[in-house]
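Open the model in your viewer and keep the sequence panel beside it. The stops below say what to select next and what is there.

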Amino acid sequence: MSVIPTEWGKPDSRPGIYYELLWIGLAVVVLGTLAYWEPFSITISITPQRLASATTLGVILGIAVTYSSFVSERFQRLWADFRIRFAGLFVLSMGVQLGLAVAPTWTVLTMLATFLILIPLRVAVYLRTR
């Protein structure tokens with residue numbers, strides 16, 4: 001049983017895009033807080049090389065997420081299975097925790113770039129399908 005209405009999952013849904021942009025904005029705020037204040041003994045040391053590399057990787061990941069979520073019908077059918085979705089989200093959350101423990105700068109910067117690129121890509125998908 002879904003918590004949100006199923007019609008919000010469609011790319012041309014106005015409440016759906018507001019809902020998604022709210023969560024993406026929240027992720028940007030949390031990751032920006034991690035990068036700025038460095039809580040929980042996470043040390044972020046930003047160099048131009050790390051910033052450029054993490055931004056490039058984040059843009060690639062953002063494009064891949066947008067493509068798989070809204071264009072690839074094969075991935076959408078796969079993601080519709082509850083067990084696969086649960087396993088995928090579990091692996092993702094464990095991977096982020098491992099990334100924060102091993103390489104916090106790369107993890108935070110890459111995720112921040114990914115979420116920042118998701119905003120215009122999601123709006124573009126909405127405008128294109130509308």
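Helix axes here are lines fitted to C-alpha atoms over the stretch in contact, and angles between them run from 0 to 180 degrees between N-to-C directions. Helices (H or I, at least four residues) and strands (E, at least two) are DSSP runs, numbered from the N terminus. This is a predicted model, in which local features need pLDDT of at least 70 and side-chain atom pairs count only at pLDDT 80 or more, while totals for chains, interfaces and linings use all residues. Residues are numbered from 1 along each chain as its sequence is written, and side-chain values use heavy atoms, with hydrogens and water left out.

**Whole chain.** Start with everything shown as a cartoon. The chain has five helices and zero strands, so the order from the N terminus reads α-α-α-α-α. Its C-alpha trace spans about 40 × 30 × 25 Å along the principal axes. Of the 130 residues in the chain, 25% are buried; buried means under 20% relative accessible area, exposed over 50%, and partly exposed in between (1.4 Å probe, protein chains only).

**Helices α1 and α5.** Select residues 14–37 for α1 and 104–129 for α5. The two pack at an angle of about 160°, with their axes 9 Å apart. That makes α1 roughly antiparallel to α5: angles over 145 degrees count as roughly antiparallel, under 35 as roughly parallel, 65 to 115 as roughly perpendicular and the rest as oblique. α1 passes α5 in a left-handed crossing. A crossing is left-handed if the near helix is turned anticlockwise from the far one by less than a right angle, and right-handed if clockwise.

**The salt bridge.** How many salt bridges does a search of the whole structure find? The search finds one, the term meaning a side-chain nitrogen of Lys or Arg within 4 Å of a carboxyl oxygen of Asp or Glu. Select glutamate 20 and arginine 122, whose side chains meet at 2.4 Å, N to O. Glutamate 20 lies in α1 and arginine 122 in α5, so the bridge ties together parts that are 102 residues apart in sequence. Side chains of opposite charge can pair when their charged atoms come close. Glutamate 20 is partly exposed at 22% relative accessible area, whereas arginine 122 is buried at 2%.

**Helices α2 and α5.** The crossing of α2 and α5 is right-handed.

**Helix α4.** Now select residues 82–102. Phe82, Phe86, Phe90, Val91 and Met94 form a nonpolar surface patch with about 560 Å² of accessible area together. Patches are made of residues with over 30% relative accessible area and no salt bridge; like charges are joined within 9 Å, nonpolar side chains (Val, Leu, Ile, Met, Phe, Trp, Tyr) within 5 Å. Areas come from the Shrake-Rupley method with a 1.4 Å probe, and for residues only the protein chains shown count as cover. Methionine 94 is partly exposed, at 38%. Leucine 92, also in α4, is exposed at 51%. Its C-alpha atom is separated by 16 Å from that of leucine 31, 61 residues apart along the chain.

**Before α1.** Finish at lysine 10, in the segment before α1. Lysine 10 is partly exposed, with a relative accessible area of 46%. Draw a C-alpha to C-alpha distance from lysine 10 to threonine 105: the two are 34 Å apart in space and 95 residues apart in sequence.
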